[in-house]
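Here's a quick tour for someone meeting this chain for the first time. Have a look at the sequence and the fold, then read on.

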Amino acid sequence: MACADDCMFWTACTLGYFGFLCLAECTVPSLASFSTLLHLTVQDIAVDGLLAPCCMCVRIKASKTDPFSKGAEIHIGLGVYPRCAVQAIMAYLVQWGNAGGPRPCFCFKMVANI
């Protein structure tokens, strides 16, 4: 996907769907509310290989069903293109680049159409 926003949206959708994630577990409503202690960052995603990954591990720090914020690790295997969360994450991270420092994986600006 040539457009970074389209790639981010598709990656969030595939990760959320195949990881059975709630919206709040993988997105941030705004950069002002971002916290590395609560929200998903690039550092919370690990793949088993950079050139040809077969699976990835996503560390969820907190959710509404985790009252003590113990977190959980979710493993997602390789799927069939284009509905593959592993391939989507890899493509998104290539577009993202390496700007350094913890950043949220997915930050969507909600715009109301009135």
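What share of the contacts in the chain with a separation of 6 or more comes from residues 24 or more positions apart? Such residues account for 56% of them, where contact means heavy atoms within 4.5 Å.

Before going further, a word on the model: it's predicted, so local features need pLDDT of at least 70 and side-chain atom pairs count only at pLDDT 80 or more, while totals for chains, interfaces and linings use all residues. Residues are numbered from 1 along each chain as its sequence is written, and side-chain values use heavy atoms, with hydrogens and water left out.

The chain has three helices and three strands, running α-α-β-β-β-α from the N terminus on. Both kinds of element are DSSP runs numbered from the N terminus: helices are H or I with at least four residues, strands are E with at least two.

Of the 114 residues, 35% count as buried. Buried means under 20% relative accessible area, exposed over 50%, and partly exposed in between (1.4 Å probe, protein chains only).

Now for the inside. The largest nonpolar core has 14 residues, and Leu15, Leu21, Met56, Val58 and Ile76 touch the most other members. Strand 2 (55–60), strand 3 and helix 3 are the elements that give two or more residues to this core. A nonpolar core here is a set of buried Ala, Val, Leu, Ile, Met, Phe, Trp, Tyr and Cys residues joined through side-chain atoms within 4.5 Å. In soluble globular proteins, nonpolar side chains tend to be buried together.

| Residue | Relative accessibility | Class |
|---|---|---|
| Phe20 | 75% | exposed |
| Tyr17 | 62% | exposed |
| Asp6 | 46% | partly exposed |
| Phe18 | 36% | partly exposed |

Two of these make up a ring pair. Rings of Phe, Tyr and Trp (its six-membered ring) pair if their centres lie within 6.5 Å; planes under 30 degrees apart count as stacked, over 60 as edge-to-face and the rest as tilted. The count comes to one aromatic pair. The rings of Tyr17 and Phe18 have centres 5.0 Å apart and planes at 90°, so they are edge-to-face.

Phe20 sits in the loop between helix 1 (4–18) and helix 2 (23–26), and has a positive phi of about 55° although it isn't a glycine. Asp6 belongs to helix 1; its C-alpha atom is 9.6 Å from that of Tyr92, 86 residues apart along the chain.

Finally, the peptide bond from Tyr81 to Pro82 is cis, with omega near 5°. Pro82 lies in the loop between strand 3 (72–77) and helix 3 (85–96).
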